[in-house]
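This briefing is meant to be read beside the sequence and the coordinates. Please keep both in view while going through the points that follow.

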Amino acid sequence: MGGPLKRIDIPDILTQKDWDKKKGAIAKIAGKTGVGDAMKAVDKAHGAIDWKKLSVSVNAPSNATLDDLDSLLDEARAEYKRSVEPLRTQLQKLRDLAEATAKRFKSNKLIPKDSAAHAEKVAKTADQLFVAFNQSSLGDKIVDDYEGMKDAIEKADKVRAKGREILEKYMLSLAKKLKTAKTVSDYQDLWKEDIRGVGTQLPKMPELKAFLKDWRNISSQDGIPETDEDVKSRCKEVMAVLARMDKQMKAMA
């Protein structure tokens, strides 16, 4: 399933502050491990990630096209390469240092077992995070987000296409009837079916929103001619709006 990417935070166990606290005072006799510095490098690399750029759906405009999504996916992949891959490199270094440190702690009888066990836990957590940020995990979520947006746009396009098809049928039928309508009764018949039919479809077409006000007037009961003598002029008025709508639709086709 798609959706915006959820930020993956660095767990406390991989922070220098936690490491200095948990490795144990006696473990200091083993000398410099480099683990704390590696943790600072991980934190810096993690802070460089632009999570917004990694989410296609977050950056997509409300009227996004498939081309827009393709461009945003390219940007997300570029951001992954720019910031996530360097983070994974630092996590890998941290994992290897923590594993080496655990072995050193185990080999020194003066160092408590808890310190070695903690170093092993750091290595395991770093490796788990290393995997969580790989292409099969985070990379696939980026693509899933893209695919989710793509499916939504394609479905919306199908709905609009169907709505346009229905709208065009009402418009064509209405145009024919407007040419032959002579009495108020004739007009009422086309008003009940085609004028109101256009009115139901028009709001579903954002690209034709400029015609909503005109059509609300046309489809209101007040727009029905009062006498047969008024029918001809009223039909011309409606036909003029239809012609402008048709021109707009053809320009967008």
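Accessible areas come from the Shrake-Rupley method with a 1.4 Å probe, and for residues only the protein chains shown count as cover. On that basis the protein chain exposes about 15200 Å², of which carbon and sulfur atoms supply 51%. This is a predicted model, in which local features need pLDDT of at least 70 and side-chain atom pairs count only at pLDDT 80 or more, while totals for chains, interfaces and linings use all residues. Residues are numbered from 1 along each chain as its sequence is written, and side-chain values use heavy atoms, with hydrogens and water left out.

**Overall build**

- The protein chain has 10 helices and zero strands, where helices (H or I, at least four residues) and strands (E, at least two) are DSSP runs numbered from the N terminus.
- Along the sequence, the pattern of the protein chain therefore reads α-α-α-α-α-α-α-α-α-α.
- The radius of gyration of the protein chain is 33 Å, whereas a compact globule of 253 residues would have one near 18 Å; the radius is taken over C-alpha atoms, and the globule rule is 2.2 Å times the number of residues to the power 0.38.
- The C-alpha trace of the protein chain spans about 110 × 25 × 20 Å along its principal axes.

**Burial, contacts and charge**

- Of the 253 residues of the protein chain, 38% count as buried, a term that means under 20% relative accessible area, with exposed meaning over 50% and partly exposed in between (1.4 Å probe, protein chains only).
- Taking contact to mean heavy atoms within 4.5 Å, 79% of the contacts in the protein chain between residues at least 6 apart in sequence join residues at least 24 apart.
- The mean positions of the 49 positive and 41 negative charges of the protein chain are 6 Å apart; Lys and Arg count as positive and Asp and Glu as negative, while His and the chain ends are not counted, and the place of a charge is taken as NZ of Lys, CZ of Arg, CG of Asp or CD of Glu.

**Helix 10 and its partners**

- Helix 10 (residues 228-252) has 25 residues and reaches 37 Å from its first C-alpha to its last, close to the 36 Å expected at 1.5 Å a residue, the expected span being 1.5 Å times one less than the number of residues.
- The buried residues in helix 10 are Val231, Arg234, Cys235, Val238, Val241, Leu242, Met245 and Met249.
- An α-helix has 3.6 residues a turn, so residues three or four places apart point the same way.
- Helix 7 (135-180), helix 8 (184-201) and helix 9 (212-219) are the elements against which the buried residues of helix 10 pack.
- Val184, in helix 8, is buried with a relative accessible area of 14%, and, leaving aside its neighbours within four places in sequence, Val184 is in contact with Ile224, Pro225, Glu226, Thr227, Asp228 and Val231.

- Trp51 lies in helix 3 and is buried, with a relative accessible area of 11%; its contacts, apart from neighbours within four places in sequence, are Lys6, Arg7, Ile8, His46, Phe133 and Leu138.
- The C-alpha atoms of Trp51 and Leu5, 46 residues apart along the chain, are separated by 7.6 Å.
- Ser55, in the loop between helix 3 (51-54) and helix 4 (56-59), counts as buried at 2% relative accessibility and touches Pro4, Leu5 and Asp145, not counting residues up to four places away in sequence.
- Tyr146 in helix 7 counts as buried at 9% relative accessibility, and, leaving aside neighbours within four places in sequence, Tyr146 is in contact with Val56, Leu69, Asp70 and Leu73.
- Between the C-alpha atoms of Tyr146 and Ala64, which are 82 residues apart along the chain, the separation is 12 Å.

**Separations across the chain**

- Ser115, found in helix 6 (residues 113-132), counts as buried at 3% relative accessibility, and its C-alpha atom is separated by 85 Å from that of Gly223, 108 residues apart along the chain.
- The C-alpha atoms of Val184 and Ala116, 68 residues apart along the chain, are separated by 94 Å.
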